Amino acid sequence: MSLVSAQHLTKTYRAGDIDVPAIKGIDFAIEPASFVAFVGPSGSGKSTLLNMIGCLDHPTSGTLKVLDTDIATLDRKAAARFRGEHIGFVFQDFNLIPVLTVFENIEYPLRMVQEWPAAKRREQVLRMLEAVGMADQADKRPDQISGGQKQRVAVARALVSNPKLVLADEPTANLDHDTAYRILELMKKMRDEFKTTFVFSTHDAKIMGEAESTFILEDGRLIQGGSHV
Amino acid sequence: MFDILGIASRNLLRYRRRTLLTLLLIVIGMVAVLLFIAVAGSFKSMMIGQITDSVLGHVQVHRKGYVASIDSLPLNLNMRPNMLAKLEDELDGNPAIAAWSPRIKFGGMYSNFAETTSIRINGIDPAREAATVPLLPGRLAEGDKHAALVERGQIVIPQLLARGMKSKLGDTVVVVATNKDGSVNGKTFVVRGILEPISGPGGRDGYIHIEDARELLRMSEEQVSEIVIRLKDFSKIEKSGAQIKGAVEGLTNKEGKPMLEFHDWTQLSPFANIAKMIDLMTLFIKIVLVSIVLVSVMNVMIMAVFERIREIGTIAAIGTPPSRILSLFLAEGLMLGIVGTLAGIALSLAGIFAINVWQPTFDFGMQKGLVMAPVIAAGDVLTIAALVLVVAVIASLQPAWKASRMDPIGALRHV
């Protein structure tokens with residue numbers, strides 16, 4: 001069974017009196033434990049698609065199922081619960097909480113979203129810190145670490161609650177080339193270790209080569225998808 | 001909960017200067033209110049104490065219609081023995097009453113044999129009067145404060161009259177009065193004391209023994225103009241007063257109409273209006289405090305939400321429930337309230353302590369050099385603290401609600 005599946009998926013935004021189609025009836029499927037990239041130029045619909053897969057937005061028509069749940073049926077609260085339980089997010093700008101330490105940022109989803117007990121929480125955060133190579137930076141604040149380190153923390157935060165799916169919107173856009181590759185390597189390593197599906201978007205041709213499966217979007221349509229490129 | 005408060009504290013410390021300025025406003029508001037309540041409340045209590053404990057008593061009972069014409073001290077509206085007997089039974093059996101004292105009030109002429117002037121006199125039972133208005137002997141500017149206020153043949157006169165008539169302790173004077181039948185009588189007295197005046201009704205009256213009053217007025221029976229009552233617990237005056245009023249007004253004549261009327265001190269003294277004004281000013285200052293806290297906390301919280309839109313988008317995206325986002329921002333308002341309240345209480349108590357050490361004096365009417373000794377009840381402190389906390393949370397509600405309802409996609413795109 002596919003982890004994510006879309007059928008005739010469309011998304012249209014309303015700008016004043018004009019309908020602006022962002023996704024124009026696409027079909028795709030993403031298998032569990034895969035490492036998938038959505039590729040395309042700016043405005044091609046990558047972020048819109050990732051937002052819908054991440055239950056942050058609803059389709060205008062068609063069906064989008066994530067973990068066999070039709071995301072159109074989720075209201076605001078249910079969507080938040082679903083994201084907290086099943087989906088991790090990595091952002092282009094890292095989006096760490098500045099008043100929390102590295103340890104606390106990773107701990108946040110377990111503490112404020114899932115409410116794990118303290119001992120179990122600590123054990124899991126330490127495990128993630130080791131996994132992303134940030135154990136020695138645990139007490140630092142985000143403004144005391146580098147961009148690459150911030151993205152490692154963001155990856156650890158996305159994975160800490162053992163989600164089935166991690167969505168990363170342009171995760172390497174604000175990183176230099178070497179650091180970007182190291183982050184992708186880290187994400188792959190995490191996928192291998194935790195069997196988590198990683199779906200990321202990029203417009204960087206070099207980066208997309210790191211994906212095992214690539215969907216190419218252009219003007220809201222899927223022009224190539226599902227195969228190695 | 002502690003997680004949320006911890007994060008809220010750190011977020012407040014993120015903008016230290018803004019947080020400190022907001023706290024400063026809350027603290028200034030709290031100190032102003034608590035100091036005003038303490039100083040004005042103490043002034044009010046002291047003045048009420050002076051008026052009730054040295055002249056009026058806590059409540060009074062008269063024959064029906066007496067108070068309406070009290071300026072002329074009408075002797076034909078005195079309570080008759082049959083009324084008094086019934087009333088005495090009621091008063092003696094009432095556990096809320098600490099003491100009561102009968103008075104015969106009348107107007108007369110005071111003469112030092114060279115000059116004559118008018119005087120208002122209370123005929124009193126000195127022991128009962130001292131038990132009912134215990135501060136009365138303390139008003140003696142001249143004369144023994146520890147002896148009975150008046151014995152038979154003695155008179156205590158007000159200070160202004162003593163000055164005007166050049167009367168001294170030990171002088172023999174004459175009081176002439178007309179009784180209710182129009183018969184004029186005179187009696188000599190020895191000046192036993194000179195009383196400091198006090199603001200309000202009865203504050204410039206003279207005192208003689210009640211038996212002398214009856215003799216002077218040629219009363220053939222034991223009539224009384226008013227009964228002054230002291231309650232065991234003044235703070236329960238509304239409840240006790242209502243109960244006494246019910247009992248008093250339940251005493252009816254042959255026609256079934258009430259023979260007597262009841263008044264508490266607020267109905268007898270114009271100072272009650274000043275006390276109401278003080279209460280009104282306290283309310284006004286509380287409203288100012290509420291406005292200060294509301295505007296300052298709301299301002300800081302609106303800014304906090306505006307500056308952290310992307311952060312809100314992030315925590316919403318990773319699954320933080322809207323209710324928890326709401327709590328996070330409410331907690332920031334609450335923390336501002338808690339810290340501001342604690343600092344405000346500490347500074348206010350320090351201020352009240354300092355005033356008590358300093359002991360400034362003030363004048364009120366004819367009374368000079370009254371020492372200001374502000375006190376504040378724990379209940380007032382708790383009420384103001386609760387008010388500030390509630391208002392701080394209410395002020396945070398709109399920004400917090402906005403944060404909790406924010407669309408994560410729009411918030412994440414915010415620059």
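Of the 415 residues of chain B, 40% count as buried, meaning that 20 or more other C-beta atoms, placed from the backbone, lie within 10 Å of the residue's own; 12 or fewer is exposed, and in between is partly exposed. This is a predicted model, where local features need pLDDT of at least 70, side-chain atom pairs count only at pLDDT 80 or more, and totals for chains, interfaces and linings use all residues. Residues are numbered from 1 along each chain as its sequence is written, while chains are lettered from A and ligands numbered from 1 in the order written.

Staying with chain B: there are 13 helices and 12 strands, taken as DSSP runs numbered from the N terminus, H or I of at least four residues for helices and E of at least two for strands. Its radius of gyration is 31 Å, well over the 22 Å from the globule rule for 415 residues, so chain B is more spread out than a compact globule. That radius is over C-alpha atoms, and the rule is 2.2 Å times the number of residues to the power 0.38. The C-alpha trace spans about 100 × 50 × 30 Å along the principal axes.

Next, the interface. 19 residues of chain A are in contact with 18 of chain B, with contact meaning C-beta atoms, placed from the backbone, within 7 Å. On the chain A side, the largest share, six residues, comes from α2(A).

Last, one loop residue. Is B:Gln359 buried or exposed? With 9 C-beta neighbours inside 10 Å, B:Gln359 is exposed. B:Gln359 sits between α11 (322–358) and β11 (361–364) of chain B, and has a positive phi of about 55° although not a glycine.

Notes: Two residues are in contact if their C-beta atoms, placed from the backbone, lie within 7 Å.
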